[in-house]
Structure formats: C-alpha cells, structure tokens
Amino acid sequence: MSAPAITVRNLNKSFGSLPVLKGLDLNLAPSRINFIIGQSGGGKSVLLKHLAGLLAPDQGEIWFDDRQMAGAAPADWRALRMRMAFLFQDGALFDSLSVGRNVAFPLWVQQRADWRAAGRKARERLEELDLAGAWDARPGELSAGERKRVALARALIMEPEILFFDEPTTGLDPLLSEQVDGLIGLTLARTRATVVVVSHDIAAALALADQVAMIHSGRIILEGSPETFRRSGEPAVRQFLAGDSEGPLGFLD
Amino acid sequence: MAAQSSIILTPVARLGALTLGALYHLGNYSLLLFRALASAFGPPWRLRGILRQMEAVGVESIFVVILTGLFTGGVFTLQVIYGFRLFAAESLVGPTVALAMCRELGPVLTALMVTGRVGSAMAAELGAMRVTEQIDALTVMAADPIKFLISPRIIAGLTMLPFLAAVADFTGILGGYAVAVAKGVDPGQFVGRIRDHVVLADVVNGLTKSGVFGLILTSVGCYMGYYSQGGAEGVGRAATGAVVISYVAILASDFLMTAVMF
C-alpha cells in the first residue's frame, strides 16, 4: 500500500445549532505536504478530526483513494488508522507513561510487540530528535517544544502513510517553530506519506507546502500551489496573507 | 395568549427535555458499561492495567475503610447500648451490631468512602485525558480507549469493593466490641450471641451488594469523565457529578437489592 489521496465531498457539520463546516470540498494530494490554512475557530481542526474519524459528519463523503470512510464501520476505521498518525496540538502525550513508553506505545498496541523490542525502536526515534536524555521523564516535566518533538517521534514510529498535524507550531517560539517546520519536511522526505497540516502560519504554508487550501466560514475558498496563493486576488486570501485587520475576514465569521 | 400558553407549556417542555436527557444518558451509560465489560475479555490482555487499578481502588483505600469501620461500629454500639438498656437487652448488642455492619453499614459506607476517594478521581482523570486529547490519541492509534481506560477500572471496582467491605465489617464489629466492653457489656456474651444469630448469608449478601456498588461507582466515574465537555470547568463538573450520581445510585440500588435479597 502507498500513501493515499484524500478527497472530501460536500462535508457538513454543525455543533448544536452552530454550523461549522458548510458543504466543504477538498482534494489532498498523495505523498505531498498539504496545508490547510484559515482563521482560528474557522473549522480547520474540526475538518482534520473528520479526516481521522474522530468526528462523524452530518453529511458528506470522505474518500481515501477509492474507499469512502464517512460513516464506515469501526473495524474499517481501525484498519485505516493502522496507516495513520496524528500529531495533536499539545502533543496529547499520555501523562501516566514515561516518554519512552509514550513513543513505544503505538508499536506495542498495534503490533503487540513486547515493550523491550518496541523500546529499542523508540530509543532510535528519540535519538534522531535529540531527546534520548528524556527517556525516563514524564511528559509533564518537558517543555512545550520537547513535548512536540516527543509527540512527533511517537507519530513517526509506525512509519505512517498518512500524517495529520494539528497546529504544529502554535505556542512555540520562532526558533522552535522553524525546527518543527524542518521536521515536517524531513518526515515527508523519509516516509513519502500524505501529510496534512492544519495551521494559521501562512509563512510556513507558503514555504513548505506542495498544496495549500484556505478555509473560510466552513468552506474552502481557494486551493492550489503556494504560487496560486501569492498571486490570488481574492480579498479574503489577500487579507490573510497580509495579516490585515481590514477586510472580509471578521472576528466572528 | 402567547404568554399564557408559555406559562403552561414551558414547565411541560422542560420536563420533556429533562426526561429525554435522562433517557439519553441512561442509554449511553448502559452502552459504555456493556462495551467496557465485553471488551475486557479478549486480547490484548490488560492484566497490568487491571492490577494497577486494583491497587488504586483496593489497597490504597484500606486505611480509610478501617477508620470508617472502627468509628461506625463504635458509634452504632453506643447508640444501641443506650436503646437496649431501656429494656435490659444488652446481651443482644453484639448480634445487632454485627448484623448492621455486615448487611448494611459495611458495604454502603465503604462504597460511599471509595466513591469520594476513587470515583471522583476517575472522573477527573478521564476528563483531563479528554480535554488534552489523550483519548483521541488512543483512538487514532487504533487502540480502543474503552478497553484501555474504562474496563480495568470497572473490573477493579467490581472485585475490590467486596474485600474492602469485608474489612469494614470486621473492623466495625471490632470497634463495637471495644465500646461495648468499655460500657460494661459482657465480652463473652457479645461474641457468643453473634455466633448464635449471624449466618453466612448475612455476610455474603452484604459483600454481593458491595460488588454491585463497586461496579456503579467506577462506571459512573468513568462515564462522567469520558464524556466530559468544556475544558477545566467540565472536568470539575464531571468529578462532582460522579460523586452525586454514584451516591444516589448506590443508595437506590441498595434499597432494591436489600428488598430482594433479605
């Protein structure tokens, strides 16, 4: 199996009476870095959680290559998730486990590997990210940047074909952000996975992405290469690129 | 007209919404309980996780349960001696205390203490895991969070509460014995009459009830935490809600089981 293309058709999702996604269509290229950008609270994370099956759509289709996964059986989702990894915004490391066990956990649970074998591989991953010293630490003892790198090590240990990043650089200082951005590029170079990054960091998107899509009030208003975005005359896109407070993007769209 | 109809209809609508909400949670809770019990029996076995929860629920509660038993047995004996002296029935203080502890006070007070200590902590812990996306992380790793987080806790409650209740029964009678002897009741009579009047079924039925209480307090704690919403505030709500709902459920089920069993 190889990294799949992901296609979203007419995705709708409301929370109570509040519509968040309103008939969203999206194409994500296989084995490429896809950025989804947009305002905070604009539905980016909600969209990503639909792609991972953590939220069920009210309506619409989610295709991984030629498999439609919206409303699929739990067993089908489990099979797909064996090929998938998700980097959560704050890492979502397990507080009750040491750093080493956190990284080894997917191997242990998915392949029923024993802790020792899983641990060897986990140690390699941590060493690559310059975190070998944190092996016995608890997640709570780490800094935000270290937590992010441990979470990345955990996401990469299964060599996933699909990789989701939820706001990878939010809350990090510029130096760390750059480091994490670099890791995203490295990840793709090694795994050839379909990478989907949700972010409001427009500069990183234009620098790293093969494909960019911009979400605004529950729909994709523009998708294409970074070049398409630089040249776009769309007012909302221009405003977002310029970081301007004047324009169609409001606080409460 | 509109105002009038809303005066009549609003309470009706509220009652309807309340009923629907209660039914929704009851159904959702039953599903979670069923899935937790069903998934516990199958590979990958989570023996270590179960043992760790048994330690948290059982071993770490022993001290507080001993204190609960001692003081409850003691104060109950004080009251019983006062009452029984009125008609010179002091020889029956022993079996009265023993029956009350084994059939009722041991199981119920143990369950209430453990709810405060463990049930609320489970709700808070799972609630925090929900807020920090650790439950989502488990799901995305193709690991069933119910099997990993909830099954071991419920099994620990189901198995450990009878042991704790037995400890409370014993220390309760011990506390009662000490008080009775200090108040001038004949020690031989206290023990001898217990052997005459208390049968095994009194103890076993009490311990059976406590197993059910263990199931209730862990599963309610897990349910409240697992489905908690709204950040840190939601975690707090889940923890207090777990205690209140568990207390009511324990006392109500105690009444039902006692009516059927004894």
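Me: How many strands form the open sheet of chain A, and in what order?
Reply: Strands of a sheet pair through backbone hydrogen bonds, either parallel or antiparallel. In chain A of this predicted model, four strands form an open sheet, ordered 2-1-4-5, with antiparallel pairing. Strands are DSSP runs of E, at least two residues, and helices are runs of H or I, at least four, numbered from the N terminus. Two strands pair if DSSP finds at least two bridges between them. Residues are numbered from 1 along each chain as written, and chains are lettered from A in the order written. Local features need pLDDT of at least 70, side-chain atom pairs count only at 80 or more, and totals for chains, interfaces and linings use all residues.

Me: Which strands of chain A are at the edge?
Reply: Strand 2 (18–28) and strand 5 (67–68) of chain A each pair on one side only.

Me: Which residue is the bridge partner of A:Asn12 in strand 4 of chain A?
Reply: A:Gln59 is that partner. Five bridges join strand 1 (residues 6–15) to strand 4 (residues 59–64) of chain A.

Me: How many residues does each chain give to the contact?
Reply: Two residues are in contact if their C-beta atoms, placed from the backbone, lie within 7 Å. Chain A gives 16 residues and chain B gives 11. Helix 3 (99–111) of chain A gives the most to the side of chain A that touches chain B, four residues.

Me: What is A:Phe86 in contact with, beyond four places in sequence?
Reply: Its contacts are A:Ala52, A:Ala155, A:Phe164, B:Ala137 and B:Val140.
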